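Q: I have a model open and would like to learn how to read it, feature by feature. Where do we begin?

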Amino acid sequence: MRFIVLTLFPGMFDGPFRESILARAVEAGLILIDVRDIRAHTQDRHHVADDAPYGGGAGMVMKVEPVVAAVEAARADLAPARARVIYLSPQGRVFNHAAARKLALEDNLILLCGRYEGIDQRALDLVVDEEISIGDYVLTGGELPAMVLIDAVARQIPGVVGKSDSVENDSFSQGLLDWPHYTRPEEYRGLRVPDVLLSGHHANIDQWRREQAAEKTRRVRPDLYRRWLARAKKG
């Protein structure tokens, strides 16, 4: 899969994708992360990419021309392949595990990072397929949400995570949060690893994990728990 990230601050992406699982996925050719500067598509010598909003008000708005030009250039580079254009925005549909799995089926994603008060609506109308938010809060820009989306989507691509079980058993994959995890030592400051995990009885371990996942979801995310119960009752 290829991710093209369009941003005013490409330097923000220098570190996160040079470490750990995503770095290995890039080296293996499983994913490609191409970060591009929207300012390269401005037409003035100062590379101005924002301006004051019509109607007045605080802040600045990203200009329509460089945004549209950046998206169209990215699409042209990918042609004849298609690419889904996603604008990272607090006004978008909230991102979740199901959305990550669906986006992982795409061959190409163009991620548009907003800044300031946002992007001129005409750019969104012309070139954006979908707006996505990573939560009901506001950040200084779309760069961090783009990193979150890339990480979550890349995990769903076969081969990116070494063991497929790690992805299949992630929180939310079965509609529940994850169960507690333990490793050596067996005891630390009076806290012991549950005996069932040391028993070697795989059926009992699986049952314990399911129960723990359900109980944690009930306590921490009652909204998820209610949905999980409703699906379980439907069979």
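Q: In which strand does Glu130 lie, and is Glu130 buried or exposed?
A: This is a predicted model. Glu130 lies in strand E7, which covers residues 130-133. Burial is read from relative accessible area, and buried means under 20%. Glu130 has a relative accessible area of 11%, so the residue is buried.

Q: Which residues is Glu130 in contact with, leaving aside its neighbours within four places in sequence?
A: Contact means heavy atoms within 4.5 Å. On that reading, Glu130 is in contact with Arg84, Val85, Ile86, Tyr87 and Arg93, its neighbours within four places in sequence being left aside. Strand E5 is given as 84-94.

Q: Where is Thr7 found, and is Thr7 buried or exposed?
A: Thr7 is found in strand E1, residues 2-7. Its relative accessible area is 0%, and therefore Thr7 counts as buried.

Q: What does Thr7 touch, and with which side chain does its own side chain make a polar contact?
A: Not counting residues up to four places away in sequence, Thr7 touches Phe13, Val35, Arg36, Asp37, Ile38, Cys113 and Glu143. With Glu143 there is also a polar contact, side chain to side chain, at 2.6 Å.

Q: How should I read Arg75, and why does it count as partly exposed?
A: Partly exposed is the range between buried, under 20%, and exposed, over 50%. Arg75 counts as partly exposed because its relative accessibility is 28%. Its place is in helix H2, residues 64-78.

Q: What does Arg75 touch, not counting residues up to four places away in sequence?
A: With those residues not counted, Arg75 touches Ala83, Val85, Ile110, Val127 and Asp129. Two of these partners can be described further. A polar atom of the Arg75 side chain lies 3.4 Å from the backbone oxygen of Val127. The side chains of Arg75 and Asp129 are joined by a polar contact of 3.5 Å.

Q: How many residues apart in sequence are Arg75 and Leu109?
A: They are 34 residues apart in sequence, while their C-alpha atoms are 9.8 Å apart in space. For the protein, take contacts between residues at least 6 apart in sequence: 76% of these join residues at least 24 apart.

Q: Which residues in H8 are buried, and what do the buried residues of H8 pack against?
A: An α-helix has 3.6 residues a turn, so residues three or four places apart point the same way. In H8 the buried residues are Ile205, Trp208, Ala213, Ala214 and Thr217. The buried residues of H8 pack against helix H7 (195-198) and H9.

Q: Where is His47 found, and where is Tyr116 found?
A: Both are worth a look for their phi. His47, in the loop between strand E2 (32-37) and strand E3 (50-51), is not a glycine but has a positive phi of about 55°. Tyr116, in the loop between strand E6 (108-113) and helix H4 (121-127), has a positive phi of about 60° and is not a glycine either. His47 is partly exposed at 39% relative accessible area, and Tyr116 is partly exposed at 37%.

Q: How many helices and strands does the protein have?
A: The secondary structure comes to nine helices and nine strands. Of the 235 residues, 40% count as buried.

Conventions
Residues numbered from 1 in each chain as written. Predicted model: local features only at pLDDT ≥ 70, side-chain atom pairs only at ≥ 80, totals over all residues. Heavy atoms only, no water. Helix = DSSP H or I, 4+ residues; strand = E, 2+ residues; numbered from the N terminus. Buried < 20%, exposed > 50% of the residue type's maximum accessible area, 1.4 Å probe, protein only. Polar contact = N/O pair within 3.5 Å; in protein donor to acceptor, adjacent residues only side chain to side chain.
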